[in-house]
Amino acid sequence: MRLSLVPRAEPSFRMALLSPAIATLLTLAIGAILFALLGVDPVRGLYVYFVAPLTEWWSLEELVIKAAPLALIAVGLALCFRANVWNIGAEGQFTVGAIFGAALPILLPEWEGPLVLPLMLLCGMVGGALYGAVPAILKNRFGASEILTSLMLSYVALLLLDWLVRGPWRDPGSFNFPESALFGPAATVPLVSESGRLHWGVLFAPLVALIVYVRLGSSVSGFAIKVAGEAPRAARFAGFRRSAVTLSVFALSGALAGLAGILEVAGTIGQLRPTISPGYGFAAIIVAFLGRLNPLGILAAALLLALTYLGGEGAQVTLGLSANVTRLFQGLLLVVLLACDTLIAYRIRLEWRSAKPVAGEAAHG
C-alpha cells in the first residue's frame, strides 16, 4: 500500500478555501505534540497560547495593534505574489519607511503643527516605495533575483537603523541608550482611549485592504497584475509590460510596508529604537498566503498571526518557554499550509500493490 499524488483535471476551489483551515488545525495538533515533548501539558499550553490572549480587553487591543502592520504589509506582498514576483524584503521596507517618516520629528523637533503627522506618513510611504523599487530595478535591468536582493536589502536597512539610533539620531538625554528622542504630540498617532495603546492608525489596515480588493477586481492595473502573474505571454500580447508591472507592485508593496513602519513608531513606540519590529515583514509572508492573497482574507489571517505573537509572550511568562516558540509556530504554519496547498492541484490516491510473485512461479507462468 502506498500513497500517491494524482493531478486534478482542474484546481480544486473547495481545497483552496479549506486549505488554511486544515493547515491551522494540523498546526494546533503538531503544536500539542511539541508542548508534550517540552514537558508542558498540551491542553494548558494551547490554552495559554491561543485562548488566554482573547479573554482580556487589553489583550484584544494588543491583538489589533499587532495585526494592523501585518495586514498592511501582507496586502502589499499579495500584489507582488499575484504578479509572480517575490518580495521577501518587506522587513527592510518597513524599517526604511519608519526612518524616512521619523526624520521629520527628529530633525525638526520644534515643528508642532497639524501637517506634521500627515507628512510623516507620506514620507514613510515614499521611503518604503523607493526601497522596494530597488529590487525591481535590479531585476528589470540586470535580471537579478528579486528574492535575494530584497532579502539582503532588509539587513542593510536594519543596520542603517541601528547606526542612526546609536549615532547621529541618538537622544543626548537617553543616558547613552540607543534610541531617538521621543516624538512630540503632533508627531504621534492619537490614541483611541487614554487607558490603552490602541491608536487610530490601525484603521489604515482595513481601509487599504478594502481599496486594494476593489481595485484588483475593477481596474486595468488590477487586471494587469493578474494576467502578468498567470499568463505572462498573454500579458505581453495585451500590451502590459512585465517590467512596468514588476516595478509598480514592488513600489506599492514597499509603500504599504513603509506606512506600516511609520505607524508603528509614531503610534505604538513613539521613537526610533534599534528594534522596531518583531519580524512583521517576514511573518506577513505567512499572512499573505494564509489569506489566499485576498486582501479581505488577509485581515483574518493577520489576526491569527498576531495571536501567535501574544500567545508566545504569554507562553514565556506563564510556561517559561523560549521566545523562539513564536517563530516555531509561525514557520510550522507556513510549512503545513504549503503542504496542504498541494491538494489544490493534486488529490491523494491510496494504491494497493499485489505481492510480487516468487521467482519459480514467475518462471512457470
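1. Helix α10 (residues 242-269) should span 40 Å, and its end C-alpha atoms are 39 Å apart, which agrees. The expected span of a helix is taken as 1.5 Å times one less than its number of residues, and helices (H or I, at least four residues) and strands (E, at least two) are DSSP runs numbered from the N terminus. Of the 28 residues of α10, 21 are buried, and the helix is thus described as mostly covered; buried means under 20% relative accessible area, exposed over 50%, and partly exposed in between, with a 1.4 Å probe and protein chains only. G270, which follows α10, has a positive phi near 90 degrees.

2. On the basis of the model: this is a predicted model, in which local features need pLDDT of at least 70 and side-chain atom pairs count only at pLDDT 80 or more, while totals for chains, interfaces and linings use all residues. Residues are numbered from 1 along each chain as its sequence is written, and side-chain values use heavy atoms, with hydrogens and water left out.

3. On the overall chain: the protein chain has 14 helices and 2 strands, and its C-alpha trace spans about 100 × 60 × 35 Å along the principal axes. Of its 365 residues, 48% count as buried. Among contacts with a separation of 6 or more, 78% are accounted for by residues 24 or more positions apart, where contact means heavy atoms within 4.5 Å.

4. M120, leaving aside its neighbours within four places in sequence, is in contact with G101, L104, P105, F183, A187, I262 and A266. In soluble globular proteins, nonpolar side chains tend to be buried together.

5. On helix α13 (residues 324-345): its 22 residues reach 33 Å from the first C-alpha to the last, close to the 32 Å expected at 1.5 Å a residue. Its buried residues are V325, T326, F329, Q330, L332, L333, V336, L337, C340, D341 and I344, and what covers them includes α1 (13-37), α2 (42-51), α11 (280-290), α12 (295-319) and β2 (346-351). A view of this covering from α1 is given by T27, which lies in that helix and counts as buried at 5% relative accessibility; T27 touches F329, L332, L333 and V336, not counting residues up to four places away in sequence.

6. On the packing of α11 and α12: these helices pack at an angle of about 135 degrees, with their axes 8 Å apart, which makes α11 oblique to α12. Axes are lines fitted to C-alpha atoms, for helices over the stretch in contact, and angles run from 0 to 180 degrees between N-to-C directions; angles under 35 degrees count as roughly parallel, over 145 as roughly antiparallel, 65 to 115 as roughly perpendicular and the rest as oblique. The contact is made by Y280, A283, I286, V287, A288 and L290 of α11 and by I298, A301, A302, L304, L305 and Y309 of α12. R292, in the loop between these two helices, has a positive phi of about 60 degrees although it is not a glycine, and it is partly exposed, with a relative accessible area of 25%.

7. On α5 and α6: the axes of helix α5 (residues 116-142) and helix α6 (residues 146-166) come within 9 Å and cross at roughly 145 degrees. The contact is made by Y131, V134, P135, L138 and K139 of α5 and by E146, T149, S150, L153, V156 and A157 of α6.
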